[in-house]
Each structure stands twice: as C-alpha cells, then as structure tokens.
Amino acid sequence: MIIAIDGPSGAGKSTLGKMLAKKLNLLYLDTGAMYRAVGLAVLESGVGFEDKAKVAEIAENAKIELIGEPDSLQIYLNGRDVTREIRTNEVGQAASIVSTISEVRRILVEHQRTIGTSAPNGCVLDGRDIGTVVFPKADVKFFLTAVPEARARRRYEEDLARGLDTTYEKTFAEIKERDERDVSRADSPLSIAEDAVVIDTSELSLSEVFERMSEIVRETEKERCETS
C-alpha cells in the first residue's frame, strides 16, 4: 500500500505520516527531509542557488539515507548524521529554493519512487507533490492543510522544543514565504490531487486527525480485500 500525504509547511504531515507508518508497519519516507539534505549540501558547498546546474550536480552526487523507525528516523548525508542540522530555518528556506529546480526534483522523485516501490509492505510518503507527481496512483491520498497562523504556531513550538533560537513572527513570515514559493513554482507546484481527501487541521487535535486518516485507510484496505 502506498499512502501519499501532501500539504503546506506546518500542516502536520510528518508527524501524522510517522504515526500511520508505525501503526500499519509501513516504511516512512519524509521527502521534505531529502530536499532539506540537498539544501544543506548546497549551503555547505558555497555554490549559489542561482547556479542551477551546480545545484543539480550536488543533488545527483549526494548520498541521502533515511534510517530507523518512523518516530526516530535519522537522516544521513554522505555518511553523516544531519538529522538536527536539516531542521534549522535556514536549511528549510534552502530546501524550498532547491525544490523549485526541475532537475533536482527529477533526481529526488526517481529516488523516492525507487524507495517506495521496493518497500516490502508499502510506504507512507509525505511532501508537496506525492499524490500528484511522485505516486499519482497511490492507494490513499491525503492533503493536510491549516490556516497560516496555526501552522506557524506549530512550527514555532516544534523549533523551540528542538532548542532553536527563533520567534513566532519570524516563523510566520517564513511560512508565508514558503507557501508563496510552493504554489508558484513552475515545476510540480503544491496542489491538491483530484482524488485526495482534504483535511483542515486548524481546529482538530492530532488524535482526531489521526483517527480520521486511519479510518479512511481501513476503508481502503477493506475495499481492496473485497475486490481481490
């Protein structure tokens, strides 16, 4: 089973994706972490983001590994654990920029498809183009959203919990900037797949959203069993 979870930054995709993967014994693939790893690699290289050919070359040569259980996933870049490093706001903005480069997207999409299709039981993937580009025929598609204020509050609290030095105002501005970049990029802009289940998480608790998603997955599994 392939489960696609799309949505803007701070909507709860990663947290809920990990919860679903753990419950269903599926591989969890945080595609956003892959773009963040590329963003970090570019920052460390000193290459300017405007040099798209060089950025794509960095993406092509980067060895990105996602290791461990969903709730303790570690991200490795060229053999180095960068799990904490990629969660800074600077790297987040870098990831948003490299994600607008078509060749970078092509490289990572191929990688994501390979990982997803080779998983023994299936995979839960979250990102911004999973249900529309990476796996347009996914068994279940979700699109999680929330008002910018709610998403900024969640991201701000997550950053504080990680020990990052930030403010709500700065986080809100970054959320708005990333939203604009995600929906306006020429290649694979953030959009809702026609057959996706849209859930606005603004006023819902984590457990409420998780139960709703779990119910939809159960219904899909039941339908698959009945038709097989």
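## Overall fold

Among contacts in the chain between residues at least 6 apart in sequence, what percentage join residues at least 24 apart? In this predicted model, the share is 75% of the contacts between residues at least 6 apart.

Taken along the principal axes, the C-alpha atoms of the chain fill a box of roughly 55 × 35 × 35 Å.

## Surface, burial and charge

Of the 228 residues in the chain, 49% are buried.

The chain carries 31 positive and 41 negative charges, and the mean position of the positive charges lies 1 Å apart from the mean position of the negative ones.

## An aromatic cluster

Two aromatic pairs are found when the whole structure is searched. One of them joins tyrosine 156 and tyrosine 168 in an edge-to-face arrangement, with 6.3 Å centre to centre and 80° between the planes. This pair links distant parts of the chain, since tyrosine 156 belongs to helix α7 (residues 148-161) and tyrosine 168 to helix α8 (residues 168-184), twelve residues apart. Tyrosine 156 and tyrosine 168 are both buried.

Tyrosine 168 also pairs with phenylalanine 172, and here the rings are stacked, at 6.1 Å centre to centre and with 25° between the planes. Both of these residues, tyrosine 168 and phenylalanine 172, lie in helix α8, where four residues, or about one turn of the helix, separate them. Phenylalanine 172 has a relative accessible area of 24%, and it is therefore classed as partly exposed. Together, Tyr156, Tyr168 and Phe172 make up one aromatic cluster.

Glutamine 93 is found in helix α4, which covers residues 89-98. Is this residue, glutamine 93, buried or exposed? Its relative accessibility is 16%, and because buried means under 20%, glutamine 93 counts as buried.

Leaving aside residues up to four places away in sequence, glutamine 93 touches Glu174, Glu177 and Arg181. As for arginine 151, it stands 58 residues from glutamine 93 in sequence, and the two are 16 Å apart in space, C-alpha to C-alpha.

## Two asparagines with positive phi

Most residues other than glycine have a negative phi. Asparagine 25 has a positive phi of about 60°, although it is not a glycine. The loop that holds asparagine 25 runs between α1 (13-24) and β2 (27-30). With a relative accessible area of 55%, asparagine 25 is exposed.

Asparagine 78, which is not a glycine either, has a positive phi of about 50°.

How values were computed. Residues numbered from 1 in each chain as written. Predicted model: local features only at pLDDT ≥ 70, side-chain atom pairs only at ≥ 80, totals over all residues. Heavy atoms only, no water. Buried < 20%, exposed > 50% of the residue type's maximum accessible area, 1.4 Å probe, protein only. Contact = heavy atoms within 4.5 Å. Lys, Arg positive; Asp, Glu negative; His and termini not counted. Charge placed at Lys NZ, Arg CZ, Asp CG, Glu CD. Phe/Tyr/Trp six-rings, centres within 6.5 Å; stacked < 30°, edge-to-face > 60°.
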